[in-house]
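Hello,

Here is the structure we talked about handing over. Please open it alongside these notes.

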Amino acid sequence: MINVIYCLAFEHDIRLVLLAAFICIAGSLTYVQLLRQCLHSTGLVRVSWMGISAAALCTTVWCTHFISMLSFQAHVPVVLDPVLTLVSLIAPMFGFFMATALVIYGRTPLTVITGNLTLGGSMAALHYVGMLAYRVDGIVEWDMSYVAASVNLSCLFTAASGWAFNRFSNLRFNLPSVALYALGVISLHFTGMSAMEITSLSISDMPMDAETFTALSIATAFAGMMVIALGAATFFLDQDQKKAGYEKLLKMAMTDTLTGLANRNAYMDDLNSRIEKSERTGSRLAVIGIDMDRFKDINDSHGHKAGDAALIALANGFKAQCHSGEIVARLGGDEFAATKEYSTEEELEDFLSRLQSALNTRLQVNETTLHLSGSIGIACYPDDGKDSDTLRNNADLAMYRAKIHASNSICFYTASMDEEARQKRELAASLAQALENNELELYYQLQASVKSSKISGLEALLRWTHPKLGPISPSVFIPIAEESGLIIRLGEWVLRRACEDAAGWESEDKVAVNMSALQLTQVELPRIVHQTLLETGLPPHRLEIELTETAILEDRDRSLHVLRQIKALGVKVALDDFGTGYSSLEILRSFPFDKIKLDRFFMSEIEVSRESRALVRSVLSLGKSLSIPVLAEGVESAAQLSILKEEGCDEIQGFLLGRPEKLSDLIEIRSSQHTIETLFSPDGEQPNLGTVRIVSTG
């Protein structure tokens with residue numbers, strides 16, 4: 001050890017030693033980085049990186065050795081054999097490549113150790129082939145113990161460096177591995193130089209040209225640095241390209257492609273970060289849900305390009321209205337979300353005002369001007385939730401409440417909304433269980449012909465009695481069924497049960513069944529109706545499907561197509577709640593309905609209001625001109641019946657004929673003719689409704 005230190009301190013030019021050390025460390029750093037690149041590559045690309053790595057390390061070791069050798073002060077004339085010097089650079093290259101391959105492709109600790117030991121051996125081979133090119137005017141003797149020590153040190157440090165490479169692979173710059181590689185090269189050279197003893201055979205006033213050796217060392221260092229720099233530049237250029245590609249992919253992954261706004265992933269990441277910040281600083285945070293109004297209508301009426309144009313217009317408006325630190329994202333479809341950190345209520349109100357301004361805009365589509373609008377719901381941290389999922393859910397609840405109440409497009413979350421949502425979920429679960437256990441019931445309400453004074457049909461009405469809450473109104477559970485998706489199964493159950501019941505009647509009375517907008521979206525609905533009729537044995541002409549114009553307008557073209565298929569089966573189709581929508585006449589023009597059901601709203605004032613009576617007269621005249629029978633709903637008094645009879649109404653339905661009842665409660669009568677003649681008697685005396693019943697063979 002003392003000899004090695006003496007050799008380094010007193011027999012070498014320390015300036016060139018420092019230059020050699022710099023080359024060694026820089027080259028080792030480049031090699032380690034290139035080695036990491038090999039691990040993250042595959043196929044021919046990996047082989048290419050392995051070749052660059054081996055060349056960089058071989059050049060590093062050779063330059064370190066050559067400069068250190070030139071720094072050695074032999075005190076005798078020295079000549080370098082050019083052939084062996086070149087061989088010492090080129091020949092070990094294969095060993096470096098094979099060693100690198102063993103390290104990269106090694107699947108076991110043994111192959112990794114073998115690769116690093118091969119690397120140490122290749123360094124030693126380079127050193128001693130290079131020393132053979134070092135010709136001196138004297139006798140050279142070698143201390144083999146130092147030679148063995150130099151080789152062992154080289155292998156030991158490279159093996160340790162390989163361990164450090166795997167142990168600290170998470171570091172961007174694996175300095176422990178770099179240091180151990182450099183120590184392996186340096187210890188090899190200076191221990192090996194200590195093994196050499198030179199006995200001079202001639203005396204010269206100038207045993208060596210120091211300036212020439214120094215210049216040659218600097219030239220070698222420059223050439224080595226060029227090679228190392230080329231390897232490093234290749235690595236960093238590839239890293240920059242990967243980083244640019246990664247950033248591009250990241251931007252694509254975090255940006256909505258249509259609008260250029262942040263997408264759901266980006267929004268949720270940002271929201272979680274802001275919640276953490278608010279938790280640390282105690283600041284307030286508003287989470288905002290935004291939903292566009294009538295987006296489906298725009299798509300259906302003007303096409304998907306118009307829908308996309310509307311979304312882009314809204315997104316551009318949001319971008320223009322947002323200030324620094326504010327974010328608006330598109331979560332999907334026509335659903336947007338925003339986040340606002342605020343200190344005062346005024347700041348939040350200003351942001352909401354700007355969002356509302358962006359929402360309430362106009363868009364020109366071909367020759368039509370679309371008036372865009374939307375609903376906004378707000379949940380605030382920490383009052384309305386302390387995590388992103390809770391805040392988003394509560395903001396959506398508030399937004400849905402704003403959408404229901406059209407007069408208020410902005411709504412803040414309250415705890416009662418959560419309770420309401422919980423109750424809806426529980427009712428939906430109970431309704432699903434009732435459907436599964438066949439716990440639902442059908443009630444029937446009579447319909448009668450005004451002209452013949454006979455029962456003309458019955459409308460099936462679904463009823464549900466909750467085991468704990470008692471009877472639940474259809475106005476409550478039907479919307480819940482639609483929101484939860486149960487309405488499809490529910491509708492099929494009602495259709496089948498009504499057809500089964502009607503098939504057991506002795507009379508030829510029709511049974512009317514209501515269908516929802518969601519049922520009309522089913523492509524297979526005509527097949528379901530046909531199959532139900534076949535299985536229950538009910539003739540098609542005795543089934544009447546009732547639909548509201550609102551249900552048809554949900555998807556007008558598809559609805560009318562489905563209705564035409566159902567009508568082709570021989571099933572009757574009635575337009576329910578006529579007169580309450582804005583496009584009743586257009587619907588009548590588009591489809592040949594078998595009946596118009598006049599909404600009960602018109603009956604409430606027909607006795608006292610001339611305007612109401614005039615409207616009823618107009619609808620009845622319209623029905624006659626189109627040859628479509630009109631049924632008046634909500635008839636409750638003989639006076640209303642008298643007016644309808646005078647105006648020429650075809651059928652009636654309402655409490656005057658009887659309240660909806662279970663089929664089992666309808667009292668059998670002998671005659672199959674279900675007359676209500678007393679109801680239409682000239683004296684107008686109201687009959688005993690308990691005698692008006694239907695016969696069942698079941």
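**What was found**

Phe-591 is buried, at 2% relative accessibility; buried means under 20% relative accessible area and exposed over 50%, with partly exposed in between (1.4 Å probe, protein chains only). This is a predicted model, where local features need pLDDT of at least 70 and side-chain atom pairs count only at pLDDT 80 or more, while totals for chains, interfaces and linings use all residues. Residues are numbered from 1 along each chain as its sequence is written, and side-chain values use heavy atoms, with hydrogens and water left out.

**Aromatic pairs**

The whole structure holds six aromatic pairs. Rings of Phe, Tyr and Trp (its six-membered ring) pair if their centres lie within 6.5 Å; planes under 30 degrees apart are stacked, over 60 edge-to-face, and the rest tilted. One of the pairs is Phe-318 with Phe-336, edge-to-face, at 5.4 Å centre to centre and 65° between the planes. Phe-318 belongs to helix 12 (residues 304–321) and Phe-336 to strand 7 (residues 335–342), so the pair ties together parts 18 residues apart in sequence. Helices (H or I, at least four residues) and strands (E, at least two) are DSSP runs, numbered from the N terminus. Both Phe-318 and Phe-336 are buried.

Phe-591 also pairs, with Phe-593: the centres are 4.8 Å apart and the planes at 65°, so this pair is edge-to-face. Phe-593 is buried too, at 5% relative accessibility.

**Charges over rings**

The rule: NZ of Lys or CZ of Arg within 6 Å of the ring centre and within 35 degrees of the ring normal. Lys-340 has its charged end over the ring of Phe-351, 5.9 Å from the centre. Arg-659 has its charged end over the ring of Phe-655, 4.0 Å from the centre.

**Helix 16**

Which residues of helix 16 are buried? In this helix (residues 474–484), they are Phe-477, Ile-480 and Ala-481. These cover an arc of only 105° around the axis, so they lie on the same side of helix 16. The arc is taken from the directions from the helix axis to the C-beta atoms. Ser-475 and Glu-483 are exposed on the other side. Just after helix 16, Gly-485 has a positive phi of about 85°.

Best wishes
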